[in-house]
Amino acid sequence: MSGRDLFCQPRRFGRGATLTLVFASVLVAGAATGSLPRGPGDGPRSASGAAPATAPAGHSADVARAAEEAAADGKSPMEAAERAVSRSGDRWAAVYSEGEYEQFEESLDGRYTGVGLEARRERDGRIEVTRVQPGSPAAAAGVRAGDRLRAVDGRSVDGLPVTDVVALLRGDAEDASAGTPVRLGLQRGTRVWTETVRRALLSADSVTVRELADRVTVVTVAAFTKGVGSAVRGAVRRAPAGGRIVLDLRGNSGGLVTEAVTTASVFLDGGLVATYDVDGDQRALHAEAGGDTRKPLVVLVDGGTMSAAELLTGALQDRGRAIVVGSRTFGKGSVQMPRRLPDGSVAELTVGHYRTPAGHGVDGHGITPDLEADDGALGRAETVLSGLGDAS
């Protein structure tokens with residue numbers, strides 16, 4: 001298991017949910033500019049696999065009323081909203097403090113507060129640094145990949161889940177901001193030492209690109225943060241002439257819907273990407289014209305492919321633009337609307353669902369790949385691409 005201090009669980013995550021996420025796709029009514037707001041409205045599908053029903057109409061008003069009444073009585077609006085949400089039957093709803101919501105917005109902008117470490121837990125429970133982000137506080141302190149992380153602020157991290165280690169590095173329990181110190185207990189070979197660094201606001205690397213044999217370019221999108229669509233477009237344009245593309249969305253938990261639509265525009269020449277409803281009002285998302293429709297494309301997915309990543313996958317599959325390889329996706333296709341409460345906290349409440357261009361509902365069902373593959377998914381993708389011919 002591995003992780004980095006970008007992908008942490010805010011301390012309120014996990015209440016009433018078996019799976020929590022940092023990046024979440026939010027399809028909501030656009031503002032006057034036509035933009036799509038964002039927020040952390042993801043969570044687990046129902047155990048039965050059936051699409052959870054949208055919470056009863058008016059539950060948004062019920063939550064807001066409960067928060068307002070609590071504020072008038074000198075009680076916590078956030079706690080009142082949480083109780084109202086728990087009664088609403090809205091499985092995807094959640095309430096976040098003002099600080100937590102700001103962290104989400106930073107993350108979706110491709111920024112996070114941390115020290116710039118990626119780490120994994122070894123079988124014996126030790127935590128090993130797997131990557132140090134260039135220019136980060138950890139890099140400035142001389143931390144290297146392969147170093148053992150023994151402790152954070154004096155607390156041993158041996159045996160802890162990586163998500164807990166990440167939360168300690170970021171200082172989630174105390175809402176630590178950029179500039180706050182954190183002590184790292186480290187080991188390199190026989191050398192054991194402590195290094196104090198200061199957290200900083202860092203930029204995430206949500207898109208990575210690598211070249212394989214036979215002119216295959218693998219574009220991996222970890223999450224749809226700000227600028228991802230443009231980064232994918234650049235990677236596709238730089239791909240070898242006559243090359244082939246693998247778009248790896250495995251483990252992609254969503255992000256900004258606008259970036260997912262921009263990414264769809266990289267591979268489509270206009271047309272429908274998805275439809276969605278907000279309180280029964282039907283709307284549509286469309287790709288821009290002029291995308292690359294010639295390079296053979298395979299999309300890799302798995303059970304961690306969610307929300308905006310499923311929206312993109314469904315569009316490319318339904319439009320016949322890509323062959324989807326992997327395992328069934330998570331199944332998060334509901335639409336959340338953020339609502340600010342009197343104390344600055346934010347309630348994310350379900351208002352509808354989206355569908356793929358062919359009209360398939362994703363929520364609770366996921367997307368079935370064209371070709372099933374598990375550990376050998378990338379190899380299967382290369383085999384598929386070898387049979388699709390060149391783009392020229």
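1. The side chains of Thr329 and Glu310 are joined by a polar contact of 2.7 Å. Such a contact is a pair of N or O atoms within 3.5 Å; within protein, one must be able to donate a hydrogen and the other to accept it, and residues adjacent in sequence count only if both atoms are side-chain atoms. The model is predicted: local features need pLDDT of at least 70, side-chain atom pairs count only at pLDDT 80 or more, and totals for chains, interfaces and linings use all residues. Residues are numbered from 1 along each chain as its sequence is written, and side-chain values use heavy atoms, with hydrogens and water left out.

2. A polar atom of its side chain lies 2.6 Å from the backbone nitrogen of Ile367. Thr329 sits in the loop between β17 (323–326) and β18 (334–340). Strands are DSSP runs (E, at least two residues), numbered from the N terminus.

3. Is Thr329 buried or exposed? Its relative accessibility is 1%, so Thr329 counts as buried. Buried means under 20% relative accessible area, exposed over 50%, partly exposed in between (1.4 Å probe, protein chains only).

4. Now the backbone. Most residues other than glycine have a negative phi. Asp153 has a positive phi, near 50 degrees. Asp153 is in the loop between β6 (148–152) and β7 (155–156). With a relative accessible area of 35%, Asp153 is partly exposed.

5. Asp214 is not a glycine, yet its phi is positive, about 60 degrees. The loop between β11 (207–212) and β12 (216–221) holds Asp214. Asp214 is exposed, at 63% relative accessible area.

Terms used
Helices (H or I, at least four residues) and strands (E, at least two) are DSSP runs, numbered from the N terminus.
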